[in-house]
Amino acid sequence: MTEDEDGDGYDLVVVANRLPVDRVVDDDGTVHWQQSPGGLVTAMESVMTGREGAWVGWSGDPGEAPEPFDDGGMHLHAVGLTAEEVADHYEGFSNDTLWPLYHDVIVAPRYRRSWYEGYRRVNQRFAQAAADLAAPDATVWVHDYQLQLVPQMLRELRPDVRIGWFNHIPFPSVELFAQLPWRRAVVQGLLGADLLGFQRRADAENFLRVCRRLLALPTRGDTVTVPDPTGEGTRTVRAAAFPISIDERSLEELARTPAVVERARQIRHDLGDPERLLLGVDRLDYTKGIRHRLKAYEELLADGVLKPPGTVLVQVATPSRERVTAYRLLREQVELTVGRANGDHGAIGSPAIHYLHQSFDRAEMAALYLAADVMLVTPLRDGMNLVAKEYVACRYDEGGALVLSEFTGASGELDRAFLCNPHDIDGLKTTIRAALDADPREKRRRMRALRRRVREHDVQRWADDFLAALVVAPGRPA
Ligand code: ADP
Ligand code: G6P
């Protein structure tokens, strides 16, 4: 174990809003744990396999924290949130204020003082838990927008530890960030870290601009100089891009297994062996451009360009943040559209869109990817989008085609995809047709290039790069 023999604590502590597993209490009261949703957990679970350390996070339901337990070589330490804290910190400030603000205000962020109070209180609790678990001079890796106050809070509790923070989502322009009533406190919270990691260079640059323009802090290259609260000297904080990725090898390995290959064949068979199968896989989130995608698809059906049962779309939409109003509305709109499209264009036994509001295991996801001729990834804004990379990783056969929004972090790396602007419905229709009709040799060439990129920049490399940069981060008082 990385825990010191004398019980001093852990050399590596991951701090994320969620634990890698969610606690689920069944109707009969029995408790089981299942993988938490989202890209953060997908990525960090792979990173922590074989690394050992502690993970501080919430169990995904309100109430008392379960006792700490060990799982997969990690020590999992749950932070308990009351129902009120879930409403204020998680649903409110994290997902009704910060999430829309950081995703280009696709829906209007709501600013409520009581939500921020809950956020601050919960961040303090996470900081305390990390401080209690970290060994002397440990590395603490804080994650994402839900915990932006933790770095400074932790520094005050444990000045000896090295603190990194990584933002899995975009960081907005100064013009948008300036709306946030608590903008100074959030930036000061982040500046407690030694290294701040972002998905794209543009995100890191936005953050540095915020430091200059809103806090009048001097920046130089990718660093910002922060006065020490004692008034004695300064610290230097680095803000740089580390594009996240997936565990390409293990996913490809899974996709190659006979069971997954057979399941992919079975899926196509169950869908009526269509000539062309399109696939969308997203958390049911308004950032993912699901409505734009469905609109384009519905128009292609209405134009007579696509026709079931020859062409079929499968849309998997993972349930997400269902108590937040914008998510409830989105679900209604998506389900209305799917119903209308099937009513207008489906036939008995052959709907135009197969809609699945469910979670699946990794093998089923790999089979879906392997089965799909065209993968539709059309977010209006997305920090990275791991689904795009997963699709590519599964296509060891060099088949398939990826339609990818320009507004994803992934598009910066996967520029041989069929790139699209999801706001431009005509353009999106043209791109979908191009992906469906492209010459097979051309598609293969593109897929080969995409696969090379994902293989060479996998999640282990991402974590190694980040942790190596954290070790040499300027950080300490000058
Ligand atoms: P986000 O983090 O915003 O949800 P990403 O595309 O980066 O978006 O990551 C989503 C992760 O969740 C991927 O690893 C994907 O495989 C997984 N996922 C998405 N939908 C489902 C689902 N219905 N069942 C299981 N896993 C899913
Ligand atoms: C994105 C965020 C994560 C979050 C995940 C799932 O990946 O970057 O921080 O955990 O979505 O969202 P949820 O609200 O269910 O945790």
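**Ligands, domains, backbone**

A: Let's begin with ligand 1: α13 gives the largest share of the shell around it, three residues. Helices here are DSSP runs of H or I with at least four residues, strands are E runs of at least two, and both are numbered from the N terminus.

Q: Before we go on, what sort of model is it, and how are things numbered?
A: This is a predicted model, where local features need pLDDT of at least 70 and side-chain atom pairs count only at pLDDT 80 or more, while totals for chains, interfaces and linings use all residues. Residues are numbered from 1 along each chain as its sequence is written, chains are lettered from A and ligands numbered from 1 in the order in which they are written, and side-chain values use heavy atoms, with hydrogens and water left out.

Q: OK, how many residues surround ligand 1, and which are the closest?
A: There are 17, with G39, R283, T318, Q358 and E390 the closest. A residue counts as near if one of its heavy atoms lies within 4 Å of the ligand.

Q: And which polar contacts can you give me for ligand 1?
A: Among them, an oxygen atom of ligand 1 lies 2.6 Å from a backbone N or O atom of G39. An oxygen atom of the ligand is also 2.8 Å from a polar side-chain atom of T42, and a nitrogen atom of ligand 1 is 2.7 Å from a side-chain N or O atom of T318. The cut-off for a polar contact is a pair of N or O atoms within 3.5 Å.

Q: How much of ligand 1 does the protein cover?
A: On its own the ligand has 570 Å² of accessible area, and the protein covers 87% of that. Those areas come from Shrake-Rupley with a 1.4 Å probe.

Q: Which elements give two or more residues to that shell?
A: α1, β13 (276-283), β14 (311-318), α12 (362-371) and α13 (386-394).

Q: Why does ligand 1 lie between the domains?
A: Because domain 1 (10-244 + 461-472) and domain 2 (248-456) both give residues to its shell. The bounds come from an automatic or database domain assignment.

Q: How far apart are the centres of those two domains?
A: 30 Å, taken over C-alpha atoms. As for contacts (heavy atoms within 4.5 Å), 23 residues of domain 1 touch 21 residues of domain 2.

Q: What about the area buried between the domains?
A: About 1,900 Å², with 61% of it on carbon and sulfur atoms. E91, W99 and I106 supply 27% of what domain 1 buries against domain 2, more than any other three residues. Buried area is the accessible area (1.4 Å probe) that the two parts lose on being put together, summed over both.

Q: Switching to ligand 2, which residues come nearest?
A: R18, Y90, D144, Q146 and R321, out of 14 around it. Oxygen atoms of ligand 2 sit 2.6 Å from a side-chain N or O atom of Y90, 2.8 Å from one in R321 and 3.0 Å from one in Q146.

Q: Last topic, the backbone. Where is the cis peptide bond?
A: Between P308 and P309, with omega about 5°. P309 is in the loop between α10 (290-302) and β14.

Q: Which residue other than glycine has a positive phi?
A: D104, with phi near 55°. D104 lies in the loop between α2 and α3 (113-133).

How values were computed
Polar contact = N/O pair within 3.5 Å; in protein donor to acceptor, adjacent residues only side chain to side chain.
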